[in-house]
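Dear colleague,

Please find below the structure that I am handing over to you.

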Amino acid sequence: MTTPVIRLATSADSDAILGIYAPYIDTSITFEEEAPTREAFQARTDGVLAAHPYLVAELDGKVVGYAYAHELRERGAYRWNSELSVYLAPAAQGHGLGAVLYHALIELCAAQGIKAVYGIVTSPNDPSQRLHENLGFEVMGHQRHAGFTCGQWHDVTWYVKFLTDRFEDDPASPTPFPLLCDQQPQTVKDILDRANSSLR
């Protein structure tokens, strides 16, 4: 495999990202059971981009993987937490790209002021479980019989990684990612540069 390039996603990447995601609908990896329409997925993509980091990996100009953060829960008190997701096209799997995407995503979340990130993994899923363990996540708990899809019940394992040990009495709210890009462009560039250097 030639060397992929990791960059920030844009709204224009939505169709390519949907192309990677849609085949996962037929697996237990995502509990979504019908592929979203282009319009619905575009709205979903734009919703993430409005506040959270979203990365894509390109290979020879084609998007072959992506990772993004999104809110863990809707209520305001949860805003210091993010749930993470990463998906790769089949040809991009098994080369360490997912770990590089995920690590860069975690660094961007930390730069925002996020205090904890979570991975929610259908079990068993050995590659995803290894990914989280290798990146220092801890098992927070197992949700038994969490969902019924693909003809059977599936458990879910919740992973957590704390990005700080500082939990102030008056914490500043996390910086929306577009604002972080405006205010700290060098920080964002450095994180992407480190990710891409690790792929060479």
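The largest pocket is lined by 42 residues, and Ile29, Ser85, Val86, Tyr87 and Ser128 are those nearest its centre. A pocket is here an open set of points on a 1 Å grid over the protein atoms alone, where a 1.4 Å probe fits, with protein on both sides within 12 Å along at least five of seven lines; lining residues have an atom within 4 Å of a point. This is a predicted model, in which local features need pLDDT of at least 70 and side-chain atom pairs pLDDT 80 or more, while totals for chains, interfaces and linings use all residues. Residues are numbered from 1 along each chain as its sequence is written, and side-chain values use heavy atoms, without hydrogens or water.

The volume of the largest pocket is about 1,200 Å³. Its lining comprises 22 nonpolar, 16 polar and four charged residues (Ala, Val, Leu, Ile, Met, Phe, Trp, Tyr, Cys and Pro count as nonpolar, Asp, Glu, Lys and Arg as charged, the others, Gly among them, as polar).

The second largest pocket has a volume of about 210 Å³. Of its 17 lining residues, His52, Glu71, Arg79, Ile114 and Pro174 are closest to the centre. This lining has five nonpolar, seven polar and five charged residues.

Helices α1 (residues 14-21) and α2 (residues 38-49) pack at about 110 degrees, their axes 10 Å apart (helices are DSSP runs of H or I, at least four residues, numbered from the N terminus; axes are lines fitted to C-alpha atoms over the stretch in contact, and angles run from 0 to 180 degrees between N-to-C directions).

Yours sincerely

Notes:
Helices (H or I, at least four residues) and strands (E, at least two) are DSSP runs, numbered from the N terminus. Grid points are joined across faces, edges and corners, and a volume is the space filled by probe spheres set on the points.
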